[in-house]
Number of protein chains: 2
Amino acid sequence: MKNQSYQDDVDIAAASLERMLSSFVALSPADVDRVRGWFHGPALVHPPGGSVSLHPERQDARVVARGWIARGAMLEDGRRQIVGLSLPGDVILAADAVDADMAVWALTDASTLDASLLWEAISESVDVSPRLLEAWRQVRSAERLRLARHVIRLGRLSAYERTAHLLLELYERQSRLGAAEPGVLHLPLTQDMLADILGLSAVHINRTLQQLRRAGLVDYRTGRAILPDLQGLALAAGLSIADDLADAPPSRD
Amino acid sequence: MKNQSYQDDVDIAAASLERMLSSFVALSPADVDRVRGWFHGPALVHPPGGSVSLHPERQDARVVARGWIARGAMLEDGRRQIVGLSLPGDVILAADAVDADMAVWALTDASTLDASLLWEAISESVDVSPRLLEAWRQVRSAERLRLARHVIRLGRLSAYERTAHLLLELYERQSRLGAAEPGVLHLPLTQDMLADILGLSAVHINRTLQQLRRAGLVDYRTGRAILPDLQGLALAAGLSIADDLADAPPSRD
DNA sequence: CGTCGGATTGAGTTAATTCAAAGAGTGTGG
DNA sequence: CCACACTCTTTGAATTAACTCAATCCGACG
């Protein structure tokens, strides 16, 4: 709630991105410094629902410091489809957002910083170590994989499977950054927003979450979800996201 | 039907890729030569349904010479979801295909060539002119945009809209390469395959195509579709893909 | 002429939707 | 501290889009 200073946001964003990069490829201290140097204020603050403008001009990019941001489409008749989520540390490239019916907007209170220096450095391969470049590529690759999975989710999974699948993905994403307590998913999304991600109605999301709760797989409350049985959830999702979670065996207390 | 020689396939693939690249950024003759130099035989021939193997090892990539290739998931229970299509001239990167439940397979008789030289050259920025690099980036960017649109299609469009939307996208893709006669879409897909792209059942695809025909928007036969009214089709798709088609004003004869 | 892989049709079923109303939780101002 | 307002969630009932299953049709090909 307290008003974060710009410098705080810079630090948070840089730290998050750095954690994300090094979760793929270990970075040298020099690389870490480089990452920090890429961002400057001022941070832009986005209220929930506020749109995040990226200029199609070359190399425009923003990094998320706080909050969750959606990329997707808002059709004229009110239908909405979220194509992807950007969490703190994620970089949103104008190239990915530019399209007639595509938009970027904040789902929660959020703030972003200019990251065009980063994008420029990486795309010109100037002042970037090979490891850093490789880490960045893997981040991008993971993004593409998420997009592909999103397609599969929407195309062929039932509401029940879809929901399980998404929650697992988000959990995996958060625990990769090391932030999450085991089994606890920070989830600042309303059921409306979940519906817009999963291509379902909010009402049906609600019923599906109840099913998942009855099955002992998910305990949802606005702001967070508890996933007491990751294995079971993976099973419910029907897809093999499970691999990465195998470390924590199903606790049967 | 006649057995294409390997050299033919190399030529075809290189020419298609070159046309695709230069549809975004005009290439110099030297660049064109460079593109041609990137591919060698032997071509791999893939029968319909045959899987295209890409080795996750660094930089593996294949270019499509003939036929249509699908990237997607085949679930254990037989459900199938196609995430993206690769047409002649398209490059399939191992990095995009690698995942537990992800696969790449031929939809028609197809042949592909090793393109790891290309991918290597581009990712190292060695022996690549800035224009060529820029063209490649735009190709990739167009791919990402298609993926995003696929998500929107599956998440929020009705069967009718979805089908119209996909046909338009394919048409736009083909006419960009200059190959298509106006209003004619080369479409070597069975209704089953369309179903696996659009996340619908084959039966429902059939009924939807009939609706579109009755509306005077699509005349489908295996192997090709005729789109007599692109404006109307764009309207039916509900999304503004229309822009690129504006050149041909609605003929009211 | 028979066969085989699509395509088409019909009938019954189901998953998810819409609409409408009511319940909870939280914050604000009196 | 209560009452109101607001947003989000929950529930019920009716509707619908899309699915499944099974039969039939059609066209290409040997």
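These entries go from the contact between the chains to a sheet and then to some helix packing.

**Entry 1: the two chains together.** A note to myself before anything else: this is a predicted model. I began with the contact between the chains, which takes 44 residues from chain A and 44 residues from chain B. Chain A and chain B bury about 3,400 Å² between them, and 53% of that area is on carbon and sulfur atoms. Which residues of chain A lose the most area to chain B? I found A:Arg144, A:Val151 and A:Arg156, which together give 21% of what that side buries.

**Entry 2: a sheet in chain B.** Next I followed three strands of chain B, which form an open sheet in the order 4-3-6 with antiparallel pairing. Strand 4 (80-86) and strand 6 (102-106) of chain B are the edge strands, each pairing on one side only. From one strand to the next, the twist averages 30 degrees. I then looked at strand 3 (residues 69-74) of chain B, which pairs with strand 6 of chain B over five bridges in the antiparallel sense.

Entry 3: What lies across strand 3, strand 4 and strand 6 of chain B? I found helix 5 (residues 130-156) of chain A there, running at about 130 degrees to strand 4 of chain B.

**Entry 4: helix packing in chain A.** I turned to helix 6 (residues 159-176) and helix 9 (residues 230-237) of chain A, whose axes are 7 Å apart at an angle of about 130 degrees. That angle is why helix 6 of chain A counts as oblique to helix 9 of chain A. Helix 6 of chain A passes helix 9 of chain A in a left-handed crossing. On the side of helix 6 of chain A, the contact residues include A:Tyr160, A:His165 and A:Tyr171, and helix 9 of chain A brings in A:Leu230 and A:Ala237, among others. By type, the residues of this contact of helix 6 with helix 9 of chain A are ten nonpolar, one polar and one charged.

**Entry 5: helix packing in chain B.** I looked up helix 6 (residues 159-176) and helix 9 (residues 230-237) of chain B as well, and they pack at about 130 degrees with their axes 7 Å apart. Helix 6 and helix 9 of chain B are therefore oblique to each other, and their crossing is left-handed. Among the contact residues I noted B:Glu161 and B:Leu168 of helix 6 of chain B, and B:Leu233 and B:Ala236 of helix 9 of chain B.

Methods. Residues are numbered from 1 along each chain as its sequence is written. Chains are lettered from A and ligands numbered from 1 in the order in which they are written. This is a predicted model: local features need pLDDT of at least 70, side-chain atom pairs count only at pLDDT 80 or more; totals for chains, interfaces and linings use all residues. Side-chain values use heavy atoms; hydrogens and water are left out. Axes are lines fitted to C-alpha atoms, for helices over the stretch in contact, and angles run from 0 to 180 degrees between N-to-C directions. Helices (H or I, at least four residues) and strands (E, at least two) are DSSP runs, numbered from the N terminus. Angles under 35 degrees count as roughly parallel, over 145 as roughly antiparallel, 65 to 115 as roughly perpendicular and the rest as oblique. A crossing is left-handed if the near helix is turned anticlockwise from the far one by less than a right angle, and right-handed if clockwise. Contact means heavy atoms within 4.5 Å. Ala, Val, Leu, Ile, Met, Phe, Trp, Tyr, Cys and Pro count as nonpolar, Asp, Glu, Lys and Arg as charged, and the others, Gly among them, as polar. Two strands pair if DSSP finds at least two bridges between them. Buried area is the accessible area (1.4 Å probe) that two parts lose on being put together, summed over both.
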